[in-house]
Amino acid sequence: MFMSVALSFGTFDNFHPGHASYLRQAFSLADELIVIIARDENVVIIKGKKPRQNELIRKKAVVHFLKQENIKGRVYLGYKNNFLRVIAKYQPDYIALGYDQRADEVKIKTIIQDLGLRQK
């Protein structure tokens with residue numbers, strides 16, 4: 001049986017209802033959700049400031065939410081040196097981005113093409 005996978009990314013600092021909505025919407029795309037938590041040092045690079053909570057606390061909050069909502073999913077810390085390496089590792093069927101997330105679409109499409117994954 002084919003199981004589709006959605007991949008989502010985020011900092012999830014001080015987990016709030018907006019984060020919950022984003023994860024529910026991401027999960028609605030697929031049978032399983034993989035959530036990548038931004039590493040503390042990457043948050044500084046992306047947002048220009050340190051998160052209020054460290055990456056392990058933020059990860060624990062997301063794991064708790066997925067269990068509470070009965071969302072089939074896995075939660076991992078991202079890579080420190082290559083934000084998009086997780087696409088190659090997990091080869092998701094869908095990539096879910098939040099309203100405030102910027103993505104280098106050309107770079108993502110190149111990775112997808114290089115991996116031989118289908119673009120949707």
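**Loops, strands and a helix in a predicted model**

Q: Is asparagine 81 buried or exposed?
A: Asparagine 81 has a relative accessible area of 65%. Buried means under 20% relative accessible area, exposed over 50%, and partly exposed in between (1.4 Å probe, protein chains only). Asparagine 81 is therefore exposed.

Q: Where is asparagine 81, and how far is arginine 39 from asparagine 81 in space?
A: This is a predicted model, in which local features need pLDDT of at least 70 and side-chain atom pairs count only at pLDDT 80 or more, while totals for chains, interfaces and linings use all residues. Residues are numbered from 1 along each chain as its sequence is written, and side-chain values use heavy atoms, with hydrogens and water left out. Asparagine 81 lies in the loop between β3 (73-77) and α4 (85-90), where helices (H or I, at least four residues) and strands (E, at least two) are DSSP runs numbered from the N terminus. Arginine 39 is 42 residues away in sequence, and the C-alpha to C-alpha distance in space is 9.8 Å.

Q: What is the phi of asparagine 14?
A: Most residues other than glycine have a negative phi. Asparagine 14 sits in the loop between β1 (5-10) and α1 (17-27) and is partly exposed, at 31% relative accessibility. Although asparagine 14 is not a glycine, its phi is positive, at about 50 degrees.

Q: What is the relative accessibility of asparagine 70?
A: Asparagine 70 is in the loop between α3 (55-68) and β3. Its phi is positive, about 55 degrees, although it is not a glycine. Asparagine 70 counts as exposed because its relative accessibility is 69%.

Q: Which residues are buried on the side of β1 that holds Val5?
A: In a regular strand the side chains alternate between the two faces of the sheet. In β1, 6 of its 6 residues are buried, and both faces are covered. Ala6, Ser8 and Gly10 are on one side, and on the other are Val5, Leu7 and Phe9.

Q: How many bridges join β1 to β4?
A: Two strands pair if DSSP finds at least two bridges between them. β1 runs parallel to β2 (residues 32-37), with 6 bridges; among the residues facing each other, serine 8 stands opposite valine 35 and glycine 10 opposite isoleucine 37. On β4 (residues 94-96), leucine 7 has isoleucine 95 as its bridge partner. β1 and β4 also run parallel, and the number of bridges is 3.

Q: Which strands stand at the edges of the sheet?
A: The 4 strands form an open sheet with parallel pairing, in the order β3-β2-β1-β4. Two of them have a single partner strand each, so one side of each is left without a neighbour in the sheet. These edge strands are β3 and β4.

Q: Within what arc do the buried residues of α1 fall?
A: His19, Ala20, Tyr22, Leu23 and Ala26 are buried in α1. They line one face of the helix because, seen down its axis, they fall within an arc (taken from the directions from the helix axis to the C-beta atoms) of 165 degrees.

Q: Which elements do the buried residues of α1 pack against?
A: Pro17 and Gln25 are exposed, on the other side of α1. Packing rests on contact, meaning heavy atoms within 4.5 Å. The buried residues pack against β1, β2, α3 and β4.
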